[in-house]
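Please look at the sequence and structure below before reading on.

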Amino acid sequence: MASLRDLATARSGDKGDTATLAVVCRDPADWPLLAGWLTADRVAAFLAPAVRGAVRRHELPALAALLFVLEGALEGGVTRSLALDPHGKSLAFSLLAMPLPEEILTRARCRRP
Amino acid sequence: MAAQTYRIGCGAGFSADRIDAAVTLIDRARPQAVVFECLAERTVARAVLARLADPEAGFDPWFEDRMRAVLPPAVAAGTTLITNMGAANPAAAGRLARRLAAEAGAPHLPIAVVEGDEVTEIVRRLDPPFLDRPGRPSVLGEAIVSAHAYLGAAPVVDALRRGARVVITGRVADPALFLAPLIAQFDWATNDWERIGRGILIGHLLECAGQLTGGYFADPGVKDVADLAELGLPFADVEPDGNATLGKPEGTGGRLDRLTCTEQLLYELHDPGAYLQPDATADFRSVRFTELGSDRVRVEGGTGRPPPATLKVVVGYRDGVVVEGGISYAGEGAVARARLALAILRERIDRRAIPVLDLRTDVIGVDSLLRGRAVAPDPDVRDVRARLAARVADRASARAIGHEIEALWLNGPAGGGGASWSAREGLAVASVLIPRDLVRPMVSFVAPA
């Protein structure tokens, strides 16, 4: 099944108990399509219940990217979390597993090689 | 490289970064300055504990190896070295650097040390509220190990203007380590917010080293990166107006393009329009990357405005003991046996009333990393590890839990293998803000050998 990984790359970061997820279109022409579909609510719903706080979205059209800031997503932060991956570095690939609706995939410019 | 540009590279993005890659960067790209950013949030608190045990300890554990490797090529190329590897003891690191410089044939190399970031007493006195957890430092009492403020570029600029060729600091904001030589080179006014913002942008892009040039990026078949075993470290050719061209040494592995630069630009940002730093509030919203071909990328468009009136301080505190262990299962029913093992562990901890502050269990291979709906509902996985991690108050409780994990050998489900556990002292951090005028950075030069 097609997933967000077909369309975009992602990198996670951490600061305290807040995780960040940068999502970058592999083809910049897909940015309007991605920005219209990948809302903060959709990201929050997909990753719930791992994210306890708010999810904010920053739009970066010049970079063909979206930045998601997830509060309360790291079990107290890297120095307190008991998780195997306390930084939440792997969170980017949880998000990239999000199924891509057929209508998005057919309209996308970028296709997985 | 045009005559007016200043080439600055990054020789390490964390303490355990590769050392030979920095030698290649200096030898092949011959930057005017190379920065080694090696201080994670919790590192300084650990270093303070090391310094308490030994007054000549408390700096980066790889400092000696790294400096011994990079000093000879840096002396030969005329490259200035700037690093926060001084951690909790920049003065002791400076004395060691003096001996290593003499070994490298440069006994009179000007080496400066920046101190004044340790603000433990100020934080105890002001007791400001935590930004990222409830309460204030006073609630932690004697558990507090140290408090260190993120210094800005000013003391490093001062050291460079006084002729330093090696600058060793403790806690300085990571981008400020890169901004400082640009201010010193181009004589930027410290209230020229656009140029200061661009200097911070360059620092932010470079500070994670290989993460800009194809490290932390490869996803085989989807995003391929050539020759990661010889990953080239990044440099920037900075122009007097703060715009720059990014590159990496010839003949090295990795890749540098719009995607690697954009992933790194947004890495760990909370607000691309307001990146709070001691020297300015940087604004990256209008940054543009232009691929120039052959691993060269032009970066333009960053800006800035005045910084906050406060400095961020990281408070390190003792946080119990963390015990972690597991046992592995294979074949059909492996996930069910792993879950049974974890249920047995929880029941044993309850029955023995081992006091636990916090506990978490996972099945590695199923749900230890994946989150939310990304977790597959009915995993047909045949190679898993049951994992338990707990925070407890003392070593005795950690040992009791470790004993229960090992006891699964003979008392747990069928086919369990590789049972093991370990315990470590917990050390956590929290942040506060303090007025910047209370912090007094100091620069000193290490006496010649």
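**Helix packing and chain contact**

Q: Why are H8(B) and H9(B) called oblique to each other?
A: Helix H8 (residues 174-186) and helix H9 (residues 193-206) of chain B pack at an angle of about 130°; angles under 35 degrees count as roughly parallel, over 145 as roughly antiparallel, 65 to 115 as roughly perpendicular and the rest as oblique, and H8(B) and H9(B) are therefore oblique. The model is predicted, with local features needing pLDDT of at least 70 and side-chain atom pairs pLDDT 80 or more, while totals for chains, interfaces and linings use all residues. Residues are numbered from 1 along each chain as written, and chains are lettered from A and ligands numbered from 1 in written order.

Q: What makes residues of H8(B) and H9(B) meet?
A: Two residues are in contact if their C-beta atoms, placed from the backbone, lie within 7 Å; among those that meet are Leu179(B) and Leu182(B) in H8(B) and Ile196(B) and Ile200(B) in H9(B). The residues of this contact divide into 11 nonpolar, three polar and one charged, where Ala, Val, Leu, Ile, Met, Phe, Trp, Tyr, Cys and Pro count as nonpolar, Asp, Glu, Lys and Arg as charged, and the others, Gly among them, as polar.

Q: How many residues of chain B are in contact with chain A?
A: In chain B, 40 residues are in contact with 35 residues of chain A. The side of chain B that touches chain A holds 17 nonpolar, six polar and 17 charged residues.

How values were computed:
Axes are lines fitted to C-alpha atoms, for helices over the stretch in contact, and angles run from 0 to 180 degrees between N-to-C directions. Helices (H or I, at least four residues) and strands (E, at least two) are DSSP runs, numbered from the N terminus.
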